[in-house]
Amino acid sequence: MSKQTEHWQALSRDHHLAPFTDFQALNRKGARIVTRAEGVYLWDSEGHKILDGMAGLWCVNVGYGREELVEAAARQMRELPYYNLFFQTAHPPALELAQEIAALAPAGMNHVFFTGSGSEANDTVVRMVRHYWAVQGQPEKQVIIGRWNGYHGSTMAGASLGGMKGMHAQGGLPIPGIEHIDQPYWYGEGGALSPEEFGVRVADQLEEKIRQLGADKVAAFIAEPIQGAGGVIVPPDSYWPRIREILARHDILFIADEVICGFGRTGEWFGSQYYDLRPDLMPIAKGLTSGYIPMGGVVVRDKVVEVLNRGGEFAHGFTYSGHPVAAAVALANLRILRDEGIVARVKAQTAPYLQRRWRELAAHPLVGEARGVGMVAAIELVKNKETRERYRGLEIGMRCREHCFQNGLVMRAVGDTMIIAPPLVISPAQIDELLEKAFTCLDLTLKEVQGR
Ligand SMILES: *Cc1c(COP(=O)(O)O)cnc(C)c1O
């Protein structure tokens, strides 16, 4: 360990409280310090080169080191580093970005409310959908239905909409007026049902929940097209069509949380286009700026905007809503994704290749299932492929993640599920490298747990 790394680790221990971290465990071990990045690779302070299989946190869609984004930020900072969108003012970057997003979004979604993050976007939808019903004289339509193990951010409202029980256990969540139904996680929860049967069964819970609460009490249903942080849960093919049928029968809004799926992750601009969903609101963030600078927003359907237009002041907003520098970076980022054909190439070439190669992992003795869509994928680590029995109490996911880091690959562990979401610019040769490393790390993990 270099003196420099030790210095930074000491700063971490003495002064930093890290997100989603057991502080004491981190202090014992020392943080890995990442110092620079280029393309799909990171370098740590010890000089190790690491293939970033997670695109940071699902966000660096165009890859690291894009000078155009740096230029866009610098130019905007010189021109107008800050102004706000409150009280009947605006500035060109936010307006041009709103137009650009509307052009990419599903038909009939032509307005954007900007926020600083995905969590703030989900806080915004809670207030916006409740206000939408109140304006129409139905203030009792308040309840929002989410899903267990969904992820919608870490603020009070975001964490409440999400269904992470570990998050609910801290800080008195969920807030009132949020309900949850089961997730479409066939491998983990489908038992003896076929994926199709299971998909219909969990979708039908939405109908049951609406009937139980009364449709006159339900404001909206929120879901990620593909759950990300929950473990890349790709729903069975029967799931979304059934949910659409149920939504069509009830007068409630549908919120598709596109924070991960948006901006090319599935090979379409939005996950809603991949699954042919018809959302009324779409929270966005992450890939919007490829993570170069924080920004989020909510894309809103025309029918919702028409109601909000009658509602007087919407008393909600953030100092940094539509920040001009973030908006300029987002515009440059969307231009790269579109003009370089990155989203089109994901769909036609690199995603089919990644998914084909990723399925090869299913042959490994540790892997019970390999699944994925576009540029997200997961494997389930099991002791017994037939019975889906797990290695209990061994934290096998964290062990595997550690081997990955040691061997130059970032794969994230969600319990016993290993997941990837690489930058969209990853090349076929780099996909081969990712797979080779993944096989090596699975071998090392198996060797460690065999016989236990
Ligand atoms: C990351 C994420 C969020 C929260 O975004 P932040 O920018 O971290 O606040 C919300 N929804 C989904 C689906 C996410 O993956």
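Leaving aside neighbours within four places in sequence, Ile293 touches Val325, Ala326 and Val329, where contact means heavy atoms within 4.5 Å. Ile293 itself sits in the loop between β9 (281-284) and β10 (296-301). Helices (H or I, at least four residues) and strands (E, at least two) are DSSP runs, numbered from the N terminus. Gln142 makes a handy reference point: Ile293 is 151 residues from Gln142 in sequence and 33 Å from Gln142 in space, C-alpha to C-alpha.

A word on the model itself. It is predicted, so local features need pLDDT of at least 70 and side-chain atom pairs count only at pLDDT 80 or more, while totals for chains, interfaces and linings use all residues. Residues are numbered from 1 along each chain as its sequence is written, and side-chain values use heavy atoms, with hydrogens and water left out.

Next comes a pair of helices. Helix α5 (residues 92-104) packs against helix α14 (residues 324-339) at an angle of about 35°, and their axes are 8 Å apart. Axes here are lines fitted to C-alpha atoms, for helices over the stretch in contact, and angles run from 0 to 180 degrees between N-to-C directions. The crossing of α5 and α14 is left-handed, meaning that the near helix is turned anticlockwise from the far one by less than a right angle. On the α5 side, the residues that meet α14 include Pro93, Leu97, Ile101 and Leu104; among their counterparts in α14 are Pro324, Ala327, Leu331 and Arg338. By class, the residues of this contact come out as eleven nonpolar, no polar and three charged; Ala, Val, Leu, Ile, Met, Phe, Trp, Tyr, Cys and Pro count as nonpolar, Asp, Glu, Lys and Arg as charged, and the others, Gly among them, as polar.

On to the sheets. An open sheet of four strands runs in the order β1-β2-β3-β13, with mixed pairing; two strands pair if DSSP finds at least two bridges between them. Its edge strands, β1 and β13 (409-410), each pair on one side only. Strand β1 (residues 34-38) joins strand β2 (residues 41-44) through four bridges in the antiparallel sense. Along this pair, Arg36 faces Trp43 and Glu38 faces Tyr41. The β1-β2 hairpin has two residues between the strands, and Gly39 takes a positive phi near 65°. β2 also runs antiparallel to strand β3 (residues 49-52), over three bridges, with Trp43 opposite Lys49.

Another open sheet of four strands has the order β11-β12-β15-β14, and its pairing is antiparallel. At its edges are β11 (367-373) and β14 (412-414), each pairing on one side only. From one strand to the next, the twist averages 25°. Strands β12 (residues 376-381) and β15 (residues 417-420) are joined by four bridges, and Ala378 has Ile419 as its bridge partner.

Finally, the ligand. Residues around it include Ser117, Asn122, His152, Glu224 and Lys286, each with a heavy atom within 4 Å of it. A polar side-chain atom of Asp257 lies 2.8 Å from a ligand nitrogen atom. A polar backbone atom of Gly118 is 2.9 Å from a ligand oxygen atom.

Definitions and conventions:
Polar contact = N/O pair within 3.5 Å; in protein donor to acceptor, adjacent residues only side chain to side chain.
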